[in-house]
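Open the model in your viewer and have the selection panel ready. We'll go through it stop by stop.

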Protein chains: 2
Amino acid sequence: MQSLQSCNHYKKKMNATPDTRAYLNEYGIRPSVQRIAVMNYLLHHRTHPTAEEIYQALAPEMPTLSRTTVYNTLELLVARGAVIHLTIDPRFSRYDGDISLHGHFLCDHCGTLYDVPLKTLPEALYPKEHRVNSAQLYYRGTCAHCSQENKQ
Amino acid sequence: MQSLQSCNHYKKKMNATPDTRAYLNEYGIRPSVQRIAVMNYLLHHRTHPTAEEIYQALAPEMPTLSRTTVYNTLELLVARGAVIHLTIDPRFSRYDGDISLHGHFLCDHCGTLYDVPLKTLPEALYPKEHRVNSAQLYYRGTCAHCSQENKQ
DNA sequence: TACAACTTTGTAACGATTGCAAAAGTAGAA
DNA sequence: TTCTACTTTTGCAATCGTTACAAAGTTGTA
């Protein structure tokens, strides 16, 4: 089977999103086909996907893609600050391509993970003696949709 | 081997902490020997232990204790609101017997999990349309101790 | 082309957590 | 006390997200 790296059809398709390539460059990440695909997926799907979901979504178009590559890539993207690693769900890690300031709400009933708009994350609360790299605000409970269903 | 439930020596020892028994009652949890032991450990060790750490700590005094029981008990304690389930560390769940308002800081270098005092968690930021059961504020980075070491 | 460095891949292993059914313990009635 | 129903604990096996590792592939440079 022809490799993705040498497939002109695929290259052309990927070139349709030069923004993603540039985005990776901004974070000092060499834009391989696989890295572009993962980053591109995260930029265009704000569903806080798991590694497995990303793999399942990309695999049909990238038959040679490996789960390990998805895991490795996500680790790299998070380490360079291009992607946020969400740990609110104890069952598995989720990833967010939106690195702007916002919190998250996990519905314990249906498992949906919602964005929560935040104006500011109070600086005063930061632990001054430590060097902070990231901050996350997590809410858990029952979402509006599930609350409605269980009301009657 | 004599069971814990029928061991008078152990009962006497546990009776030395009637506060823990009362604490469980407050949360509607029937105070079995195992539940008292787990809750008692969390009330007296503010180290955010994992299930395994709790098991290892209790096992010497409770040779018949099962890991499954520790997991089951923690699940129950969290469900009733007596204990907080911390998901900041992607590797494993940690538990906190201190349910007062405070955040957490995980040092990515040494793995230590610190408490972060909070004055208030801004109400305005809550997602109004959802029913919120718990809120967690997580910080990650390098702690003061590790920052100092890597400075020179 | 040749070489070194980097990246991807597939498989095996790891390890935290859960499922499950048997055993043990508890509480209330008779 | 004894019976009975219910609750809890236990130990083992299984699950499954994630990681380790080495081989194969790719890229950049000379």
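Two strands count as paired if DSSP finds at least two bridges between them, and the elements themselves are DSSP runs numbered from the N terminus: helices are H or I with at least four residues, strands are E with at least two. Some housekeeping: this is a predicted model, where local features need pLDDT of at least 70, side-chain atom pairs count only at pLDDT 80 or more, and totals for chains, interfaces and linings use all residues. Residues are numbered from 1 along each chain as its sequence is written, chains are lettered from A and ligands numbered from 1 in the order in which they are written, and side-chain values use heavy atoms, with hydrogens and water left out.

**Stop 1: the sheet.** Select the strands of both chains. Six of them make an open, mixed sheet, in the order β4(A)-β3(A)-β5(A)-β5(B)-β3(B)-β4(B). At the edges sit β4 (113–117) of chain A and β4 (113–117) of chain B, each pairing on one side only. From one strand to the next, the twist averages 30°. Now zoom in on β3 (residues 102–107) of chain A, which runs antiparallel to β4(A) and is joined to β4(A) by five bridges. Pick A:His104 there, and you'll find its bridge partner in β4(A) is A:Asp115.

Stop 2: Select residues 51–58 (α4) and 67–79 (α5) of chain A: their axes come within 9 Å and cross at roughly 125°. (Axes are lines fitted to C-alpha atoms, for helices over the stretch in contact, and angles run from 0 to 180 degrees between N-to-C directions.) That makes α4(A) oblique to α5(A); angles under 35 degrees count as roughly parallel, over 145 as roughly antiparallel, 65 to 115 as roughly perpendicular and the rest as oblique. Show side chains for A:Ala51, A:Glu52, A:Ile54, A:Tyr55 and A:Gln56, which meet A:Arg67, A:Val70, A:Tyr71 and A:Leu74 of α5(A) (contact means heavy atoms within 4.5 Å).
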